Amino acid sequence: MNAELVGRLKSAREQLQPVTLYQSFGRLTKVNGMTLTVDGGRFHMGQRCQVEGQQGQWLEAEVVGFDKQSAYLMPLTTANQLHAGARVKAQSQPQQLQIGPSLLGRVVDGLLRPLDERPLSPGKHKVDADTILLNPMQRQSVSEPLDVGIRALNALFTVGKGQRMGLFAGSGVGKSKLLGMMTRFTSADVVIVGLIGERGWEVRDFIQHSLGEAGLQKAVVVAAPADQSPLLRLRAAELSHRLAAYFRDQGKNVLLLMDSLTRYAQAQREIALSVGEPPATKGYPPSVFSKLTRLVESSGNSNASQGSMTALYTVLAEGDDQQDPIVDSTRAILDGHIVLNRELAEAGHYPAIDIGASISRVMPSIVDEAHLQACYRLKRLYSRYRQVQELIPLGAYQAGQDAELDKAVRLYPAIEAFLCQALSERATLADSLTGLMELLNEDA
């Protein structure tokens with residue numbers, strides 16, 4: 001009886017929650033744009049806080065900087081009905097997410113709140129909201145090809161399971177359309193879609209036309225349109241990576257799609273400039289580039305899991321400038337990049353992939369030598385044709401002087417047909433390789 005009583009007391013003691021003996025408040029002293037200045041209280045970077053509104057409601061905010069005794073906060077939602085001297089309290093518990101398979105088929109925002117007007121069942125697993133970086137020695141190498149259903153990519157820029165690939169282009173060249181094709185055609189157990197900083201109507205459009213009803217059942221869509229707080233856009237991008245890592249660690253093959261990485265960088269720029277960080281490169285403060293690296297490095301494979309996490313990012317090249325600082329930075333930290341060309345798009349060549357400027361850095365490790373050599377051969381023929389493309393209509397090109405160049409000119413119509421693909425057409429990895437070999441042997 002004594003032992004039973006001790007056991008019951010121990011169980012009851014474990015269920016007790018610690019009681020806060022006092023509550024420390026700061027005071028709102030200044031509002032500058034979306035930046036809230038708070039004096040007093042004890043806050044730390046990244047801490048979630050609540051600001052009291054005029055009607056007694058509490059507004060969610062987060063600490064984004066300091067200056068002596070003042071803390072800078074940014075609201076996660078629209079900052080309405082604030083007043084000078086409003087109380088600001090910090091949340092003592094670290095932010096945790098309740099996630100699980102029940103999230104599949106749902107559309108949520110950056111705070112894991114439902115956007116599809118249905119109640120959200122709490123997941124059975126609690127994880128930290130912060131992005132978790134992998135130890136470099138715990139990363140699993142990319143060793144298997146991934147069929148993305150795009151003939152040009154499967155044949156010439158083979159993607160591997162666990163690779164981080166970027167789609168680079170200016171506005172209106174077809175990044176989102178190509179991403180939608182890859183969403184429909186790529187075989188994956190779970191698809192995580194991050195729609196960051198884009199137009200609001202694109203959320204529903206992407207779900208209806210790119211994912212479809214069947215695709216949505218194995219997907220989680222995290223959306224933060226352009227009209228939302230820059231801090232909420234950041235959190236949505238990081239949440240999409242956290243969800244993808246969770247399903248990867250459950251042994252699933254995960255496809256993470258993020259549209260776009262540029263909007264994520266722009267959201268961080270808004271925050272950094274608002275707290276006084278000086279701009280460095282074309283208006284981007286240094287923290288933007290460290291944030292980009294941290295986000296991308298949180299994706300990929302892990303030795304601790306049998307699953308995989310393949311990430312595809314769209315990157316907007318403003319003014320079609322491939323030397324734009326965000327383009328240049330992400331090109332260096334990703335495992336490959338697909339460049340879309342505006343001239344090809346305007347000529348009706350879809351997808352408008354510039355095969356001379358694109359590369360998959362893991363392709364030599366995941367395909368056989370015959371496939372690799374065929375890829376190099378087609379790229380060379382395509383490059384040789386582009387050298388004389390403008391001379392042919394003028395009659396300045398003379399056949400018979402260079403056998404390889406003559407072959408490139410003869411084969412170009414077939415090469416162009418091979419590289420083009422309709423939005424509804426799927427090309428498997430095996431069919432893409434067969435078509436590549438047949439094309440190169442056509443005029444042997």
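**Entry 1. Conventions**

I take buried to mean under 20% relative accessible area, exposed over 50%, and partly exposed in between, with a 1.4 Å probe and protein chains only. The model is predicted, and I therefore note its limits: local features need pLDDT of at least 70, side-chain atom pairs count only at pLDDT 80 or more, and totals for chains, interfaces and linings use all residues. Residues are numbered from 1 along each chain as its sequence is written, and side-chain values use heavy atoms, with hydrogens and water left out. Helices (H or I, at least four residues) and strands (E, at least two) are DSSP runs numbered from the N terminus.

**Entry 2. Salt bridges**

I counted a salt bridge where a side-chain nitrogen of Lys or Arg is within 4 Å of a carboxyl oxygen of Asp or Glu. The structure holds 21 of them.

I looked up R87 and E52, whose closest N and O atoms are 3.0 Å apart in a salt bridge. R87 belongs to strand β6 (residues 87-90) and E52 to strand β3 (residues 48-52), so this pair ties together parts 35 residues apart in sequence. R87 is partly exposed at 27% relative accessible area, whereas E52 is buried at 17%.

Next I examined R106 and D116, a salt bridge with its closest N and O atoms 2.7 Å apart. This pair links distant parts of the chain, 10 residues apart: R106 sits in strand β8 (residues 106-108) and D116 in the loop between β8 and β9 (125-128). R106 is buried, with a relative accessible area of 5%; D116 is partly exposed at 22%.

As to accessibility, R151 is buried at 13% and E425 is partly exposed at 30%.

I then turned to Q421, which is found in the loop between α12 (403-419) and α13 (429-441). Q421 is buried, with 5% relative accessibility.

I applied the polar contact criterion: a pair of N or O atoms within 3.5 Å, where within protein one must be able to donate a hydrogen and the other to accept it, and residues adjacent in sequence count only if both atoms are side-chain atoms. A polar atom of the Q421 side chain lies 2.7 Å from the backbone oxygen of E425. With contact meaning heavy atoms within 4.5 Å, and residues up to four places away in sequence not counted, Q421 touches G149, I150, R151, M181, F185, Y350, P351, R426 and A427.

I checked helix spans against 1.5 Å times one less than the number of residues. Helix α5 (residues 230-249) has 20 residues and reaches 29 Å from its first C-alpha to its last, close to the expected 28 Å. Of its 20 residues, 19 are buried, and α5 is thus mostly covered. At the start of α5, a side-chain oxygen of S229 comes to within 3.1 Å of the backbone nitrogen of L231. Just after α5, G251 takes a positive phi of about 90°.

For helix α6 (residues 261-274), 14 residues should span 20 Å, and the end C-alpha atoms are 20 Å apart, in agreement. Its buried residues are L261, T262, Y264, A265, Q266, A267, Q268, I271 and A272. G276 follows α6 with a positive phi near 95°.

**Entry 3. Strand β16**

I found nine of the nine residues of strand β16 (residues 308-316) buried, so the strand is largely enclosed by the rest of the structure. S308, T310, L312, T314 and L316 point one way from β16, and M309, A311, Y313 and V315 the other way.

I counted two strands as paired if DSSP finds at least two bridges between them. Strand β12 (residues 164-169) runs parallel to β16 over six bridges, and L167 has T314 as its bridge partner in β16. Strand β15 (residues 253-259) is also joined to β16 in parallel by six bridges; the partner of N253 in β16 is S308.

**Entry 4. Cysteines**

I searched the whole structure for disulfides, pairs of cysteine sulfur atoms within 2.5 Å, and there are zero. The sulfur of C375 is 17 Å from the closest cysteine sulfur, in C420, too far for a bond. C375 is buried at 0% relative accessibility, and C49 is buried with a relative accessible area of 0%.
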